[in-house]
Amino acid sequence: MTKPSLPDLLHAAVSAVGGTERPGQVAMAEAVAEAIDDNSHRLIQAGTGTGKSLGYLVPALAHGERVVVATATLALQRQLVERDLPRTVEALHPQLRRRPQFAMLKGRSNYLCLHRLHEGAPQDEEEGLFDQFEAATPTSKLGQDLLRLRDWADETETGDRDDLTPGVSDKAWSQISVSSRECLGATKCAYGAECFAEAARERAKLADVVVTNHALLAIDAIEGAPVLPQHEVLIVDEAHELVSRVTGVATGELTPGQVNRAVKRSAKLVDEKIADALQTASETFERVMELALPGRLEEIPEDLGYALMSLRDASRNVISAIGATRDKSVHDEDAVRKQALAAVENIHSVAERITNGSEYDVVWYERHDRFGATLRVAPLSVSGLLREKLFEDRSVVLTSATLKIGGDFNGVAASLGLSPEGVEGDDVPLWKGLDVGSPFDYPKQGILYVAKHLATPGREGTRGDMMDELAELIEAAGGRTLGLFSSMRGAKAAAEELRGRLDNPILLQGEETLGELIKNFAADPKTCLFGTLSLWQGVDVPGPSCQLVIMDRIPFPRPDDPLMSARQKSVEEHGGNGFMAVAATHAALLMAQGAGRLVRASGDRGVVAVLDPRLATARYGSFLRATLPDFWYTNDRNQVRRSLAAIDAAAQADGK
C-alpha cells in the first residue's frame with residue numbers, strides 16, 4: 001500500500017474541521033514531519049490564524065509513533081481533545097487505515113479522589129478527622145460547592161476538575177483531591193480500582209497521542225520518576241510559556257501556616273519527643289518570619305539559617321518515625337499518615353535545599369497583607385535542566401505565535417538550554433528555526449501607534465496625560481477597547497477614572513470570572529475590558545468588539561522582582577547584557593502576545609496603542625518593535641483618531 005502523502009492528509013484534516021489550507025500551515029507540517037523523521041528539533045513560529053494545531057497533529061498522527069503534546073492553557077487542551085483530534089482522526093482514517101487513540105493526562109490533584117470524597121479529609125484540628133460535608137453549612141458557598149461535588153462524583157466519567165461546570169473554589173476542590181505525595185496508591189486504596197487519576201494514566205499508556213500541560217511535563221523532567229508514558233515525539237505548543245511554567249514547578253516555598261499544619265498532621269503519629277522538636281522548630285521559624293522584609297536573600301541570615309536547620313533535622317526525624325509506627329486508634333490511618341508524610345517531606349526538602357545553598361538557586365522573602373510572609377527558592381535558570389531532560393532520546397518541536405524575540409529565535413533558544421542556531425558541539429542539541437508567518441495582512445489590518453508626546457511613565461503617581469489620551473482613544477473607537485495594564489493598580493485607577501468620564505461600560509478584571517468578562521466584552525461593542533497579565537495572553541475576541549488594544553506602558557518586570565533581577569545580574573556577571581537578555585526579552589514576549597489580541601481573523605481591523613514613548617525613543621525600542629506584528633507604524637495622534645473613527649463608523653454601518 002502506498003504511503004499517503006502529507007499534503008493529501010493535511011487537506012483531508014483541514015476540510016474536516018471546516019478550515020482553509022494556508023501556505024504557513026503546509027510549511028509547518030512539512031517541517032514537523034522532517035523533524036520526526038530525522039529525530040531532530042524545531043522551533044516554529046506560527047502566527048495567529050495559521051492553524052498550527054493541525055500543522056503538527058497531522059504529521060504526528062501520520063508518523064505512527066507515540067506523541068506527547070504539551071500546552072500551557074486549558075482552552076487549547078480542550079480544543080485539541082474535544083475538537084481537533086476527534087475530527088482529524090476520522091478525516092485521516094480512510095488514508096491511514098487506522099484510528100489513532102488519544103487521551104488527556106494531568107497531575108493527580110486535577111482529578112477527584114474517591115477516597116477523600118467518601119472517607120473525608122484528615123483535618124488539622126485535634127479531633128483528627130471530620131466529615132467536610134457535615135461541617136460546611138449547606139447555605140454557605142463552600143457547603144453548596146461540596147454538595148454539588150458529591151452529586152457530580154456520581155455522574156462524571158473522568159473526575160477531571162475541568163469537566164465540572166460551573167467550577168468550584170480551590171478550597172472546595174482541595175477537600176476532595178490529593179497531591180501525588182498524599183495519594184495512598186492504587187494497590188493500597190479501597191477505591192483504587194475506580195480511581196479517576198489511575199484510569200487517566202491507563203488511557204494515556206494505550207494512546208497514540210497524549211495531551212498534557214507544561215506543568216506535568218516539568219514534573220516528568222524534574223522528579224525523575226516518569227509520569228508520562230514513553231514517547232518518541234514531544235510537541236510543545238504555546239512554547240513561549242514553557243520556561244515560566246517549569247520555573248514554577250521547580251520553585252519551593254515555606255510559610256509558618258504550612259509548617260504549623262504539618263506539625264498538627266504528624267503529632268499523633270510519632271512519639272511526643274519527636275513531635276515536640278518539630279513544634280519548637282516551627283515556632284522558631286514563625287518568629288523569624290514575623291520580622292521578614294520582602295526581597296532577595298543573597299546570603300541566608302543567621303537566625304533564618306538556624307531555623308531552617310532545625311526544621312530540616314526535626315522533619316527528617318518525623319519522617320523516619322512516621323514510617324516506623326502504627327496506631328490503630330487513628331481512623332483511616334493510612335490516609336492520615338500519607339497526608340502527614342507529604343506535608344513534612346515538603347518542609348524537609350525546601351529547608352534542606354535552602355540550607356545547602358546552591359549558587360544556582362535564588363532565595364527571597366515575599367510579604368502579603370493577608371497571608372503574611374513566605375520564603376521562596378527558585379532556580380536561577382532552568383536552561384540546563386531543559387537541555388538535559390527535554391531534548392534527549394526524542395524529537396522535540398516547540399511552537400508558538402511568539403518565539404522570535406527581537407527578530408530571531410536565539411533568545412528563546414538560550415532560555416531552553418540551546419546554543420545559537422547552527423552551532424554544533426558536545427552535548428549541544430542541534431535545532432532549526434522556522435517562521436511560517438501569518439495569513440493576516442498586518443500592515444493593512446492594523447496600526448501600531450506609539451504616543452510619543454506623553455511623559456515617560458514613572459514608578460509612582462497618576463499619569464494625567466495618559467488618562468486623557470486613553471479617554472480620547474476610547475471615544476474615537478466607540479468603545480471596542482481591550483486595555484492591557486502592567487499592574488492591577490494601574491488597571492483599577494484607569495477604570496475608576498474613565499467610568500466617571502465616559503459613557504462606555506468598563507469591565508475590570510477581578511470583578512467577575514475571566515470567562516464571564518470576556519463573554520460580556522465580546523457581546524457589546526461599546527464595552528471596554530481592562531486588566532492585567534492573563535488578559536495579555538488569554539483573550540480571543542475576533543470582530544468589531546475588539547478594535548483597539550491599549551498598553552499603558554512597556555511591561556518590564558518590576559525592578560524589585562527577586563528572581564528576574566537575580567537572572568539579570570547573572571547574565572551581566574557572565575559578560576552579557578542583563579537588561580536586554582532578561583527585562584527587554586520579558587517585555588517583548590508580553591507585548592507580542594498583547595498585540596496579538598487585535599487581529600484574530602482576516603476581517604479584523606484596528607489599532608494597537610502603546611502609551612509609553614520609550615517604544616519610539618529608547619534604544620531598545622527597535623528590539624521590542626521587531627517582536628510585534630508588522631503593523632503600519634505611526635506617532636501621529638490625529639491620524640490614529642481619524643482611523644479609529646473610520647473603523648467605528650464602518651462597524652456601525654455593518655450593524656455591529
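Mentor: Start with burial: buried means under 20% relative accessible area, exposed over 50%, and partly exposed in between, with a 1.4 Å probe and protein chains only. Keep in mind that this is a predicted model, where local features need pLDDT of at least 70 and side-chain atom pairs count only at pLDDT 80 or more, while totals for chains, interfaces and linings use all residues. Residues are numbered from 1 along each chain as its sequence is written, and side-chain values use heavy atoms, with hydrogens and water left out.

Trainee: Which residues of α27 are buried?
Mentor: Val640, Arg641, Ser643, Leu644, Ile647, Asp648 and Ala651 are. Helices here are DSSP runs of H or I with at least four residues, strands are runs of E with at least two, and both are numbered from the N terminus.

Trainee: How do you know that the buried residues line one face of the helix?
Mentor: Look down the axis of α27: its buried residues fall within an arc of 165°, so they line one face. The arc is taken from the directions from the helix axis to the C-beta atoms. In general, an α-helix has 3.6 residues a turn, so residues three or four places apart point the same way. On the face turned away from the buried side, α27 carries the exposed residues Arg642, Gln652 and Ala653.

Trainee: What makes the length of α27 close to the expected one?
Mentor: The expected span is 1.5 Å times one less than the number of residues. α27 covers residues 637-653, which is 17 residues, and reaches 24 Å from first C-alpha to last, close to the expected 24 Å.

Trainee: What do the buried residues of α27 pack against?
Mentor: With contact meaning heavy atoms within 4.5 Å, they pack against β12 (446-450), α19 (464-477), β16 (548-551), β17 (606-610) and β18 (632-634).

Trainee: Which sheet holds those strands?
Mentor: An open sheet of seven strands, in the order β14-β15-β13-β16-β17-β12-β18, with parallel pairing. Two strands pair if DSSP finds at least two bridges between them.

Trainee: Why are β14 and β18 called edge strands?
Mentor: β14 (506-508) and β18 each pair on one side only. Inside the sheet, β16 and β17 pair in the parallel sense over four bridges, and Leu548 has Val607 of β17 as its bridge partner.

Trainee: Why is Asn110 called partly exposed?
Mentor: Its relative accessibility is 23%, so Asn110 counts as partly exposed. Asn110 lies in the loop between β3 and α5 (114-119).
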